[in-house]
Amino acid sequence: MEKIKTLLVILLLGMVTAANAQQKFTISGHVRDKASGEELIGASILVKELPGTGASANEYGFYSITLPAGTYTFSSSYVGYAEIIQTIKLDKNQSIDWKLEFGTTLDEVTVSATKEDDNLSRTTMGTEKLDIKEISKVPVLFGEKDVLKTLQLLPGIKSAGEGNSGFFVRGGAADQNLILLDEAPVYNASHLLGFFSTFNSDAIKDATIIKGNSPAQYGGRLASVLDVKMKDGNDQNYNVSGGIGLISSRLSVEGPIQKEKSSFLISGRRTYADVFLQASEDFKGNSLYFYDLNAKANYRLDDKNRIFLSGYFGRDKLGFGDNFGIDWGNQTATLRWNHILNPKLFSNTSFIYSKYNYDLKVSSGGSAFNIDSEIKDWNLKQEFQLFSNTRNSWRFGFNSIHHTITPSRFETSNNDDNTSQISRYGWENALFVNNTYTASPKLSIDYGLRLSAYTILGGDTYNIYDRGIKTDSVVLAKGDFGKTYAYLEPRLSASYRINPQSSIKGGYARNTQNLHLLSNSTSANPTDQWIGNSYNIKPEVSDQFSLGYFRNFGNNKFEFSVEAYYKSMQNQVDYKDAADINTSPDVESELLYGIGRAYGLELFLKKKVGKFSGWLSYTFSRTERQIEGINNGDWYAAKQDRTHDVSLVGIYQANPRWSFSAAFVYNTGNAVTFPSGKYNVDGNTTYYYTERNGYRMPAYHRLDLSATYERQRKGRFQSSWNFGLYNAYGRENAYTITFEDDPDDASRTRALRTALFKWVPSVTYNFKF
Amino acid sequence: MRNVALFFIFMVLFSACEQEIEIDLNSADPQIVIEGEITNQKGPYTVRISKTVNFSASNQYPPVTAAVVTLSDDLGFSEKLAETAPGVYTTANLQGQEGRTYTLKVESAGKTYTAICKMPNRVEFKGIKAEEIAFGFSTDTLYSATPLFDDPIASGNNYRFIQYRNGERDKSITVFNDNVNNGKANERPILSQEFEIKRGDTLVIEMRCIDKPIYDYFFTLSQSAGQGPGGGTTPANPPNNITGNVLGYFSAHTIQRQTIVVR
């Protein structure tokens, strides 16, 4: 710890002194929405006299620009908001807050012309920021607007299955996505077996996904970072908003505690399919529902200090009478302290708790058994942002996480001794530094380094296996430190502006992953369990190279991009054939390890503004694994491997009242294992397999439609109706394909396709006052 | 109104539709399948040898005839089996015994396949407990059966259970081991999804004490058969105890049966 401190101080001093050469002053402050007081993440502050000079507001709405003394014209703007221009004489450090007003109709919106081509000059690659307002217009299953399902319509991000909120990024598995809600990792982001995500979009301000080339402040997963930020709560007025749907309802309340000083937000959601279930005699006593609650409060101590407290609590319950029940859910809590040390140096300290667990119970008469598992984190993150001059900004800090992982264990009611669950402990640490450097108006470079380490902590015995056979074991007493895995992760991305309309970008990033999700099915199951590194399981490592070409057309109305990537992965984990995942005394005896590779090409064309907006995306990708002991040690397609994906989204604002949208998706089938022959064992037809994942599911396609009607505003009261139709032409897409004896003809076998949804209509009434 | 809403919810949540489809599956070279058994019951014991066929073919499996099949025990007794029907090889004298280790040798088309299996000691099968279950949405009262036995203190016991309802065999595969509840009285019921047991049924359960490789074999088969949401476990050929890269298994096991009428 002492070393870390010393290092930080040296780093800090170096950067501050290097920047202090001539008479310069700093303008800094926050950019906020005028009506709600919400910080506008990514809003830009530009200096008119110095084209290309400016800053973006960070994730807390803070910006800082240091310029030589003089008088400048600053403009502050954000997509959808009216621009503010102000002339400021900079002869001392200035603290200026900007309050932007949201455009009331589309025609009135003035968007700062200079920032429309921001997508070209940013160094970030493979990054998509979702506009929460846009999400509400994209049609989705059950009419429940959803961050995760909208993400799946973007290139390089694939849905894990019909109606599923699980997703795969650039060939990565579902567990290789770091999903953060106000910085707290969410270990299982799905409700109701994946048909809903844990993110209640009423409570969300901003969602950004980074497909592998993340800056150094992020780490811990191979494939992507999905950074979701909750709203802070309106600090001007009280607001109530909600929605009533066929399956679920939502309600949010937000408002100031002390005007312009503190505010709160509480947002809840519950499905009520089970209320109807109770009405019928046959289903009495059964349950099937989820609920979740987001809550946040913040308090400005003074101009320099602000505290945020946010939390999430969600739970799913599924039960058949007293005999069978499973419940699962996430809990997160984040306490943050924003501190402005000086106009150039911004600090954020976060103390984070996060937990996921499930509990499955089966009872019959006097006997009962249950399977449960839990992962729990205590997490401390310190990050500094230094805006040293107009060409350099730095981020540096550390992150320390204590994990408690209780693996799945099958227990019965008459079990009172040795097989009780033993938790395992891990300590994950990271140090990071990242510099964004504008080398010239044409070239900008973002580079950084992350040092990550994972230490196995004592309290359990760790067995060592060689292909499932125990060869040795390590006994670690409580308080002992076991093996430490450490990796240096370099990150680099650069953007070069070829001409005003186009740029090329390139990047390399190494990521490591210390937690692994053991899952034997493609979709997100609540019973999938997390496991940390051990003496067998080593950190997963990925190296991703990417290259992209970005071009804007038609006065920046159209954005086009093409990105290609190649990723190699080490220490990938998979179950061996015949793995016993529930009752085996040590699940590590059921695992095998190997390498992976993924590559692909992503095309994206987007129209951002106008009456008609939308996008077209295409992804070509391959992802393969090679694991000794699986598929004879040959390369095989990973279960998330899917070659072609197309999505087309169109949103049409017919008039101020009506808007219509449509989304069409087409993809070729996922890799799957089908039999190549059959034989008879013990009187049953049994299937013969020649290759793992050697077949493909049939192609999938679907069209969803949605229409929104905004009702006449009555004073403060606004409301709208949303009508949706999922799978409009009733395509029976294969959810599973099973093989069985034909019940009508014992001499033959048949393939049976199960399709989940044909047409799913939805109606939702939304209101706000 | 309530009924309409209920109907709607169920349309949405549970309206999975199933349809038979054509899938172009590769053809594979026919593989040899050996299925051999020896038990503590009176013989004769049989070894069946057949070949795989393509998925689209009819369920007729070509027998492998004229193989040389021998069964021997760890006391030096060895017997060559007679082919009593095409592909079916039968013992004449051998009597299986608990605790003995048996070796099966098959020679066919110039190749030799060998399997070794130990017949475990019998764990006493004491009876059956039938209990009501409230699983699923059936309107009938359904029952599950729990086999009653006391697992021995030493770990490593493996069991297979086969249910018969009024003489009809349950096709699903049920295997237990003592990873959980070692040395305890069994409380785990046999959970078979498509085998409904109702009041008045006569239920026969056969309990087999099996060797570990046989447990692994049938456990894998049972996992591949179960298709959970999104496809379930990736299916694979079960690992077996026969050398020479063939399908099937050779099992030496004990057999005990219990019967109850469900009340």
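Guide: At 7% relative accessibility, A:Arg32 counts as buried, a class that means under 20% relative accessible area, with exposed being over 50% and partly exposed in between (1.4 Å probe, protein chains only). The model is predicted, so local features need pLDDT of at least 70 and side-chain atom pairs count only at pLDDT 80 or more, whereas totals for chains, interfaces and linings use all residues. Residues are numbered from 1 along each chain as its sequence is written, chains are lettered from A and ligands numbered from 1 in the order in which they are written, and side-chain values use heavy atoms, with hydrogens and water left out.

The partner of A:Arg32 is A:Asp97; their side chains meet in a salt bridge at 3.3 Å, N to O. This pair links distant parts of the chain, with A:Arg32 in strand S1 (residues 24–33) of chain A and A:Asp97 in the loop between strands S7 (94–95) and S8 (98–100), 65 residues apart. The term salt bridge denotes a side-chain nitrogen of Lys or Arg within 4 Å of a carboxyl oxygen of Asp or Glu. Strands (E, at least two residues) and helices (H or I, at least four) are DSSP runs, numbered from the N terminus. A:Asp97 counts as partly exposed, at 42% relative accessibility. Over all chains, 57 salt bridges are counted by this rule.

A further salt bridge joins A:Arg748 and A:Asp742 at 2.5 Å, N to O. Here A:Arg748 is partly exposed at 28% relative accessibility, while A:Asp742 is buried at 8%. Elsewhere, salt bridges that share partners join A:Glu38, A:Asp182, A:Glu183, A:Lys205, A:Asp232, A:Lys296, A:Arg336 and A:Lys381 into one network.

A charge sits over a ring if NZ of Lys or CZ of Arg is within 6 Å of the ring centre and within 35 degrees of the ring normal. A:Arg597 is placed over the face of A:Trp635, at 3.8 Å from the ring centre.

A:Gly319 stands opposite A:Gly325 in S23(A). On S22 (residues 305–320), 14 bridges also come from S21 (residues 287–300), again antiparallel. S21(A) and S22(A) form a hairpin with 4 residues between them, and A:Phe290 stands opposite A:Asp316 in S22(A).

Rings also meet one another: Phe, Tyr and Trp (its six-membered ring) pair if their centres lie within 6.5 Å, with planes under 30 degrees apart stacked, over 60 edge-to-face and the rest tilted. By this rule there are 39 aromatic pairs over all chains. A:Tyr508 and A:Phe545 have ring centres 5.0 Å apart and planes at 40°, so this pair is tilted. Ring pairs also link A:Phe717, A:Trp721, A:Phe723, A:Tyr765, A:Phe767 and A:Phe769 into a cluster.

Note on methods:
Two strands pair if DSSP finds at least two bridges between them.
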